[in-house]
Amino acid sequence: HNCEYFLILVYHSYHLPWFRTLSWYFLLCVNYFFYGETVTDYFFTLVQREEPLRILSKYHRFISFALYLTGFCMFVLSLVKKHYRLQFYMFGWTHVTLLIVVTQSHLIIHNLFEGMIWFIVPISCVICNDIMAYMFGFFFGRTPLIKLSPKKTWEGFIGGFFATIVFGILLSYVMSGYSYFVCPVEFNNDSNSFTVDCEPSELFQLQDYGLPPVLQSITGWTTVKLYPFQIHSIALSAFASIMGPFGGFFASGFKRAFKIKDFANTIPGHGGIMDRFDCQYLMATFVNVYIASFIRGPNPSKVIQQLLALRPDQQLHIFNSLKAHLTEKGLLPALEEAA
């Protein structure tokens, strides 16, 4: 009853002072902070050309924090004696919602900059797992998986897992052959536009892999040609199959806690947008962490951008240190002879 009462208050709380204004304000603040970081990171050269943008970039985090403090003070000033608890509930829920929604969208943008394949393959694996788990559960389901979702079965869970692994490997093989999908998105300073044209990295070049003796005896092959990304796709597919459904279980538990069937009724028969994307909650974060941990290395272009932003004496100091290091390693003479 307390949950129902809280929901009723939430749905009818628009008369509270600055309620909508503060919700939108915090949304804008969080987006300004996250996407300001992205713009500074990927459009560094463009930002440095314009003086106003250079100032905003230099003091971006301070400005973001100042904007948040302004909203915080506005919230404190808007407190009404009869609605203290409700207002603090709303303040907390606003922050939790922003953490889930805006952070995920920010990480998705970062994944897109690494290449379209890092966006399409993960979400396709989640969608495939959702469909195949339903199909296997519909035809073969007998054993309930979890009480939060009575219709989910172990047969659907396991069948969806293996089907998603196969799907991920096949989709990765197809997409790895197109530079449009595998090349990182970069900003071209000459044309002032994005470019998706590159020499594919080793991750997207066919290589020979030896088969285990068991598979050799079955297939008669000793090696098989695969893209290294296909190996990584197994990890993405496994996460989509094992951890992805827990996003759905989390959403089911949340809706049961507040005794509601769907988050909204935007899509007839399916509920709201969040009801269709509940399994995507953790995927964007996992892909971003996976890229940072196992894929991405130092970016030479970003290092050069940072060096060009230093003072001349600092640049000269780094140049001499690098020269001494290369000479010590015996690389500098070889480079001079090659030149």
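R61 is exposed, with a relative accessible area of 57%, where exposed means over 50%, buried means under 20% and partly exposed lies in between, for a 1.4 Å probe and with protein chains only. The structure is a predicted model, in which local features need pLDDT of at least 70 and side-chain atom pairs count only at pLDDT 80 or more, whereas totals for chains, interfaces and linings use all residues. Residues are numbered from 1 along each chain as its sequence is written, and side-chain values use heavy atoms, with hydrogens and water left out.

The side chain of R61 meets that of E37 in a salt bridge, at 2.9 Å from N to O; the term stands for a side-chain nitrogen of Lys or Arg within 4 Å of a carboxyl oxygen of Asp or Glu. R61 belongs to helix α5 (residues 60-78) and E37 to helix α2, so the pair ties together parts that are 24 residues apart in sequence. E37 counts as partly exposed, at 23% relative accessibility. Helices here are DSSP runs of H or I with at least four residues, strands are runs of E with at least two, and both are numbered from the N terminus.

Helix α2, which spans residues 19-42, also holds T21 and L22. T21 is partly exposed, with a relative accessible area of 47%, whereas L22, at 6% relative accessibility, counts as buried. The C-alpha atom of T21 is separated by 9.9 Å from that of M74, although the two residues are 53 residues apart along the chain. M74 is also among the residues that L22 touches, together with G71, F75 and S78, when residues up to four places away in sequence are not counted; contact means heavy atoms within 4.5 Å. L22 and F91, 69 residues apart in sequence, have C-alpha atoms that are 9.0 Å apart in space.

A wider view of the chain puts these details in context. The secondary structure comes to 17 helices and six strands, and buried residues make up 32% of the 339 residues. Among contacts between residues at least 6 apart in sequence, 65% join residues at least 24 apart.

According to the unreviewed UniProt entry, the annotation "transmembrane region" covers residues 18-35, 62-80, 87-109, 115-141, 153-175 and 229-251; UniProt positions are given in the numbering used here, feature names are shortened, and annotations may be inferred rather than shown by experiment. Over residues 87-109 the model is 100% helix and 0% strand, with end C-alpha atoms 32 Å apart, while residues 229-251 are 96% helix and 0% strand, with their end C-alpha atoms 31 Å apart.

The largest nonpolar core has 19 residues, of which I117, W118, V121, F204, F229, L236 and M283 touch the most other members; such a core is a set of buried Ala, Val, Leu, Ile, Met, Phe, Trp, Tyr and Cys residues joined through side-chain atoms within 4.5 Å. Two or more residues of this core come from each of α7 (117-140), α8 (154-175), α11 (228-242) and α14 (283-295), and α7 gives the most, with five residues. A second, separate core of eight residues includes F26, F34, F91 and L98.

Strands β1 (residues 144-146) and β2 (residues 149-153) run antiparallel and are joined by two bridges, at least two being needed in DSSP for strands to pair. They form a hairpin with two residues between them, and P144 stands opposite T153 in β2.

A search of the whole structure finds five salt bridges. In one of them R296 is paired with E114, the closest N and O atoms being 3.1 Å apart. This pair links distant parts of the chain, since R296 is in the loop between α14 and α15 (300-308) and E114 is in helix α6 (residues 84-114), 182 residues apart. R296 is partly exposed, with a relative accessible area of 38%, whereas E114, at 18% relative accessibility, counts as buried. The side chains of K225 and D208 also meet in a salt bridge, at 3.2 Å from N to O. K225 lies in strand β6 (residues 223-226) and D208 in strand β5 (residues 207-210), so this pair ties together parts that are 17 residues apart in sequence.
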